[in-house]
Amino acid sequence: MNAISNPNSNRFLSLDMFRGLTICLMIVVNTPGTGAHFYDYLTHAEWFGFTLADLVFPSFLFAMGNAMSFSMGKMKEAPANLFWKKVIKRSVIIFLLGFLMYWFPFFRQGVDGVLELKPFAETRIMGVLQRIALCYFVTAVIFYYLSQRTAIILSAFFLLGYWAILYLFGQPGAELEMATNAVTRFDLFVLGEGHIYKRDSIPFDPEGILSTLPSIVNVVAGFIAGTFIQRIGKTFEGIAKLLIVGFLLMALARWWDLVLPISKKLWTGSFVLYTVGIDLSIMAILIYFIELKQKHFGVEFTTIFGKNPLFIYLFSELFFITLRLIPVNSEMDVFEWVSERIFQMIFPGSFGAFVTAIVFMLVCWSLGWWLNKKRIYIKI
């Protein structure tokens, strides 16, 4: 990681706001207050189906593709050895940060009360930052060596190929069930149960190895949208085309959903098309209001997240984990105590859980505000 004096100034304000919104919503979704049921639309779908929470991560990948479309011009001019050095270095750093985040706080209290190192064998290997790293790496290689037309063909191959993998290597008759799909079986075979996410009904990793393949398409789509926006996006024609393509992709996704259900956890092809279609539509709306109509309400707030996105996300996760590790009494940790003894008392029920998440998000935002004030932009 390194600090630089200025953020990338050539990006559209609407794209920075889009990226900031994804980080803002990602933090809210990941930190619901305790003591009451959280709103269903801010909770991931159990397996099939779609909620607002399911849109967050693919939107961040889409936004990453947008950002890459602005930096790729210089990267394509660089010699191959420099390109590979930069891409591999960044990918490895992001992947390791994700792994260390799941290993954190590295130590635990043993049976005899003595601190011991948390076993590597029980640490999750895949995850959000790890998927970001892999998607960044593959997308960078694609656009360094291939044309956009080829990238689109390759994306179709990824989606259709993943669909085929699910049915060829899943348990016959139960190809899309959580315990018997190809993603679960492959992760258990390669990683082992100890390295897989365990907070679902069974050990299953929503950021598994195989399901990373279709998620690359979200980044590719963001890249292509970014280059299109740079070319003619600040026009009514550009906005109209984004909306048309967005609508067609959502319609195609709903048709595909009839045979391959939309599922964030399984990251099905229908889920990819649906989220890309929504993201294109949101992007068009933001360009219309921010770039053409010059309506900047909320822009300054959200772009704070967009200037240090990965750093603020990493801080939010580590801060949340730390609060959950500090006991207040025999029944509650710090986060639970604040949520249930303060916010649930003032705002009982789901709204109190929501307010807790909003306050936590604002704490993370305040760090981003301070960094921006000091003109510190941390590039991972």
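Guide: A residue is called buried under 20% relative accessible area, exposed over 50%, and partly exposed in between, using a 1.4 Å probe and protein chains only. This is a predicted model, so local features need pLDDT of at least 70 and side-chain atom pairs count only at pLDDT 80 or more, while totals for chains, interfaces and linings use all residues. Residues are numbered from 1 along each chain as its sequence is written, and side-chain values use heavy atoms, with hydrogens and water left out.

The part to look at is helix α12, residues 334-346. Helices (H or I, at least four residues) and strands (E, at least two) are DSSP runs, numbered from the N terminus. Tryptophan 337 lies in α12. Because its relative accessible area is 33%, tryptophan 337 is partly exposed.

Tryptophan 337 also belongs to a nonpolar surface patch of about 630 Å², made together with Val328, Ile342, Met345, Ile346, Phe347 and Phe351. Helix α12 gives the largest share of this patch, four residues. Patches are made of residues with over 30% relative accessible area and no salt bridge; nonpolar side chains (Val, Leu, Ile, Met, Phe, Trp, Tyr) are joined within 5 Å, and like charges within 9 Å. The areas come from the Shrake-Rupley method with a 1.4 Å probe, and for residues only the protein chains shown count as cover.

Next comes the neighbouring helix. The axes of α11 (residues 309-325) and α12 come within 5 Å and cross at roughly 85 degrees. Axes are lines fitted to C-alpha atoms, for helices over the stretch in contact, and angles run from 0 to 180 degrees between N-to-C directions. Angles under 35 degrees count as roughly parallel, over 145 as roughly antiparallel, 65 to 115 as roughly perpendicular and the rest as oblique. The two helices α11 and α12 are therefore roughly perpendicular. Phe320, Leu323 and Arg324 of α11 touch Val334, Phe335 and Glu336 of α12, where contact means heavy atoms within 4.5 Å.

Within this contact, glutamate 336 and arginine 324 form a salt bridge between their side chains, at 3.2 Å from N to O. The pair ties α12 to α11 across 12 residues of sequence. A salt bridge is a side-chain nitrogen of Lys or Arg within 4 Å of a carboxyl oxygen of Asp or Glu, and by this rule the count comes to eight. Glutamate 336 is buried because its relative accessible area is 18%, whereas arginine 324, at 30%, counts as partly exposed.
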